[in-house]
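The following exercises concern a single protein model. Please study the sequence and the structure shown below, and then work through each task in turn.

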Amino acid sequence: MKNRRLIPLVLYLLVLIAAFTWLSDLFQTDVNQIPYSEVVELFRQEQVKNFVVDGNVITMNLYTPLNGETTITSTLADLDGFQQQMGDLLTEQVESGVLEYYHYLPEEGFSPYTLILPLLVVGLILLFVWAMFMSRANSANPLNNFGKARTVLGVPDGKKVTFADVAGADEEKEELQEVVDFLRNPEKFTEIGARIPHGLLLVGPPGTGKTLLARAVAGEADVQFLSISGSDFVEMYVGVGASRVRDLFDQAKKVAPAIIFIDEIDAVGRKRGSGLGGGHDEKEQTLNQLLVEMDGFSRTEGVIVLAATNRPDILDPALLRPGRFDRQIHVGRPDVKGREEILKVHAKGKRLDASVNLKTIARSTAGFTGADLSNLLNEAAILAARENRPVLTMVDLNEALMKITAGPAKKSRVQTRKDLKETAIHEAGHAVAMYNLPTHDPVRHITIIPRGQSLGATWYLPTDDSANLTRNQMYEQIVSLLGGRVAEALFIGDISVGASNDIDRASKLARDMVARYGMCEKLGTVSYLDGGEVFIGRDYQTTKSYSEKVAGTIDDEVKALIDKAYDRCRQILLENEQKLHQVVDFLLKKESMTGEQFEAIMKGEPVEEASATALFDGFETSDGKEPESK
Ligand code: ADP
Ligand code: MG
Ligand code: ZN
């Protein structure tokens, strides 16, 4: 790799240097070079003090300057002729003392400047052109490169990743350990006839470390790692994707043992026949080629294909058949222990204040992926660095967590008093509703400082990792989502577009409850949504698996559910009107309030100073009992 790039460069430099010296040499002699006839004339006029002939170049020193120079050269085309013609004159002039002396230096054959250098230059240029041509043919020219897989051989940033870099994910690592063992020592497995999977599919939400795990497998096994993204296969030109697949597998076999990693395989591995219009022929060809290649190489070749996707449901079933990606590894969101370990990995190399408690952060970030956590620490470090603080503190982490979940604070945005009051009422509506809903997670922080796209925000954080929502929890979430809108209607007398995101989310939740999770009596325990993407080309006629009548009932039930939630919310806010206005006043005065301050108001207790780490408050006082993992 390196050499191929270096050679043309070196050649190029050499040619430049040679050409430069050659040219400058020509220029130099040009200045005081005169034609042969003038040389003869100079001798006739007795102007030459002395001269030296080197090869066929004569260098003369003159009595009076010619063209401002007293040293003049000329090229003698016919040295013998010169000696014959001038011989007598020269003897005469030496005798008379006009000519001090002259020498003929012995001829050394070819002068380097007259012959070898031009040859060298021409040779170098030819070499250079050839090298350019070769390197073009190899890689630089995109025209020659269409059918080649755009793989990254080796690890992109050159850093070797091992399982130690992947925190948590113990089960995933255990499953992948088998692959590592096979790559390290294939004979051990093939000798006893063990079947090692051709392909493993890593399935999980974005940011959970699928790419990282794949790299770690290669690092652990110390084998070549060829990575390519599914979207790299997809080009406008028919046939290109298929030839890229072929090339990828060829490359891998050459460097085996190796891992081929196809990231985001859903880009190429979608169900065939899905999608309307052009382009899907090309995708099908590519996918077919992939299937052929996966069937084609034998298990002894030491190549294992890993692929990652967050949409296994849209993959073509043929990809998942035995001999292809017949094993799936689910890479889930980390649990609290996993989160703490991931935080530890990413805290390395960052200077943390002694007060920073990674356990607390892990507890308050339920649902975060590894990428989110890495991002959290990084944002906090940036905040600390921006203020020239040497270490990052819990306050930075708190601010970073707010920034990640709701966008950066926009303190400079000018808002009228009326706007602020409306925002305060909206947020107080959410918060008061949450407080009065038994299954709702507690309020952590409320602000009317604009953040990201919203004018204000109310934070609540789940207290544990429970991924299982009950019907009651979902319903109460709808109630709290409506809190902003209900408060506007009750206490402003008008409603605003500020609640549109809340209403979207509430409607989606309600629709899921009714049509997906079978949580409504009238429709029974039936799922009417298939959960997958709607494939227009494939499923055009069969998108709806239910009748128009059922569709009408779904709409009615969704509306009824929302209406019920609206009334519940209205009731809560009216019962707590006094407290809600206290919260609004507090927000208008201080712009933000912590969960503790909010609770104090709700309980009618004195409000204490704000904590700067509100999102973490309460999580650190946990009794040390770890929540059940998964
Ligand atoms: P995916 O491919 O699943 O979308 P990545 O592997 O690209 O996720 O992860 C993105 C980043 O998140 C990684 O580079 C790493 O910094 C961090 N990360 C994710 N999971 C983990 C983990 N288990 N341990 C350490 N870091 C992780
Ligand atoms: Mg990835
Ligand atoms: Zn809202």
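A residue is called buried under 20% relative accessible area, exposed over 50%, and partly exposed in between, with a 1.4 Å probe and protein chains only. The model is predicted, so local features need pLDDT of at least 70 and side-chain atom pairs count only at pLDDT 80 or more, while totals for chains, interfaces and linings use all residues. Residues are numbered from 1 along each chain as its sequence is written, chains are lettered from A and ligands numbered from 1 in the order in which they are written, and side-chain values use heavy atoms, with hydrogens and water left out.

**Exercise 1. The protein as a whole**

Task: State how many helices and strands the protein has, and what percentage of its residues is buried.

Solution. Step 1: Helices (H or I, at least four residues) and strands (E, at least two) are DSSP runs, numbered from the N terminus. Counted in this way, the protein has 22 helices and 13 strands.
Step 2: Of the 630 residues in the protein, 42% are buried.
Step 3: Contact means heavy atoms within 4.5 Å. Among contacts with a separation of 6 or more, 74% join residues 24 or more positions apart.

**Exercise 2. Aromatic pairs**

Task: Classify the ring pair Y102 and Y104, and then the ring pair F225 and F261.

Solution. Step 1: Rings of Phe, Tyr and Trp (its six-membered ring) pair if their centres lie within 6.5 Å; planes under 30 degrees apart count as stacked, over 60 as edge-to-face and the rest as tilted. By this rule there are nine aromatic pairs.
Step 2: For Y102 and Y104 the centres are 5.9 Å apart and the planes make an angle of 85°, which is edge-to-face. Y102 is partly exposed at 30% relative accessible area, and Y104 is partly exposed at 29%.
Step 3: For F225 and F261 the centres are 5.9 Å apart with 20° between the planes, and the pair is stacked. This pair links distant parts of the chain, since F225 belongs to strand β7 (residues 224–229) and F261 to strand β8 (residues 258–263), 36 residues apart. Both F225 and F261 are buried.
Step 4: Y102 and Y104 also belong to one aromatic cluster, together with Y36, F43, F51 and F82.

**Exercise 3. The surroundings of M86**

Task: Determine in which helix M86 is found and which residues M86 touches.

Solution. Step 1: M86 is found in helix α3 (residues 79–96).
Step 2: With a relative accessible area of 1%, M86 is buried.
Step 3: Leaving aside residues up to four places away in sequence, M86 touches V40 and F43.
Step 4: R44 is 42 residues from M86 in sequence, yet the C-alpha to C-alpha distance is 9.4 Å.

**Exercise 4. The zinc site**

Task: Identify the protein donors of the zinc ion (ligand 3).

Solution. Step 1: Donors are N, O and S atoms within 2.8 Å of the metal (3.2 Å for Na, K and Ca); water is not among the atoms, so sites may look incomplete.
Step 2: The protein donors are H426 (NE2), H430 (NE2) and D502 (OD), at 2.0 to 2.1 Å from the zinc ion. Their spacing in sequence is H-x3-H-x71-D.
Step 3: H426 lies in helix α16 and D502 in helix α18, so this pair ties together parts that are 76 residues apart in sequence.
Step 4: H426 is buried at 7% relative accessibility, and D502 is buried at 10%.

**Exercise 5. The largest nonpolar core**

Task: Describe the largest nonpolar core and state which element gives the most residues to this core.

Solution. Step 1: A nonpolar core is a set of buried Ala, Val, Leu, Ile, Met, Phe, Trp, Tyr and Cys residues joined through side-chain atoms within 4.5 Å.
Step 2: The largest core has 51 residues, and I446, I478, I554, L573, V583, M593 and F598 touch the most other members.
Step 3: The elements that give two or more residues to this core include α16 (417–435), β11 (443–447) and α20 (548–575). The most come from α20, which gives ten residues.
Step 4: F598 touches A431, V432, Y435, V443, I446, V583 and M593, residues up to four places away in sequence not being counted.
Step 5: A second, separate core has 29 residues, among them A167, I361, L373 and M394.

**Exercise 6. Positive phi angles**

Task: Locate E46 and E264, and give the phi angle of E46 and of E264.

Solution. Step 1: E46 lies in the loop between α2 (36–44) and β1 (48–54). E46 is not a glycine, although its phi is positive, at about 60°. At 42% relative accessibility, E46 is partly exposed.
Step 2: E264 lies in the loop between β8 and α10 (266–269). Its phi is near 50°, a positive value in a residue other than glycine. With a relative accessible area of 44%, E264 is partly exposed.
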